[in-house]
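I opened the model to look up its ring pairs and one of its helices. My notes follow.

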Amino acid sequence: IYIRADDGTTVVNYPEQHIVNGRIKNNDTNYYFKKMVRVLKKMRYIMQSEGHKSADNISSFALESLLWNIPNSIFIDYSKYSQSHMFGLLIAYVLNNFSSFNVYKEANGIKLLFQTENDAETMKSFIRELIVFYEY
């Protein structure tokens, strides 16, 4: 889908691929993918309400796509843990794999998630602040 933004630029999105890939990921992770996406989005909302500026710069779409890049085995291997423990392990995985951000894709599997180094740094800052916030 081509969308013309208010500033005149064109945005290209792949909503059908996004939906299909999300369903596949959710099924392949015993439905933990969508659960963890909801947890991550809720954490971002809480951080925003408490004044954490890094949370203001991250979209729900980016968070879902971030978790979409985590291997299914990580979700499956830790499914025996509580959801809060699994969440911590997923975020630790992201933290330990910052060097892979240059190949992460949007959940549509087509476009790169981070178009610029600044985009990747914005997400890294959010993840670092999330870890401190989550451990309180």
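**Aromatic pairs.** This is a predicted model. I looked up its aromatic pairs and found 5. I began with F33 and F75, whose ring centres are 6.3 Å apart. Their planes stand at 80°, over the 60 degrees required, so I logged the pair as edge-to-face. F33 belongs to helix α2 and F75 to helix α4, 42 residues apart, so I noted a link between distant parts of the chain. F33 counts as buried because its relative accessibility is 0%. F75 is also at 0% and counts as buried.

Next I took F87 and Y134. This aromatic pair is edge-to-face, with 5.0 Å centre to centre and 65° between the planes. F87 lies in helix α5 and Y134 in helix α6, so the pair ties together parts 47 residues apart in sequence. F87 counts as buried at 1% relative accessibility. Y134 is partly exposed at 28%.

I also found one aromatic cluster, formed by F98, F101, Y104 and F114.

**Helix α2.** I checked the length of α2, residues 32–49. Its 18 residues should span 26 Å at 1.5 Å a residue, and the end C-alpha atoms are 26 Å apart, which agrees. Which residues of α2 are buried? I listed Y32, F33, M36, V37, L40, M43, R44 and M47. The face turned away from them carries the exposed R38, K42 and S49. The cover over the buried residues includes α1, α3, α4, α5 and α6. After α2 comes G51, with a positive phi near 85°.

**Charges over rings.** The charged end of K35 sits over the Y32 ring, 5.1 Å from its centre. R44 lies over the face of Y45, 4.6 Å from the ring centre.

Definitions and conventions: Residues numbered from 1 in each chain as written. Predicted model: local features only at pLDDT ≥ 70, side-chain atom pairs only at ≥ 80, totals over all residues. Heavy atoms only, no water. Helix = DSSP H or I, 4+ residues; strand = E, 2+ residues; numbered from the N terminus. Expected span 1.5 Å × (residues − 1). Buried < 20%, exposed > 50% of the residue type's maximum accessible area, 1.4 Å probe, protein only. Contact = heavy atoms within 4.5 Å. Phe/Tyr/Trp six-rings, centres within 6.5 Å; stacked < 30°, edge-to-face > 60°. Lys NZ or Arg CZ within 6 Å of the ring centre and 35° of its normal.
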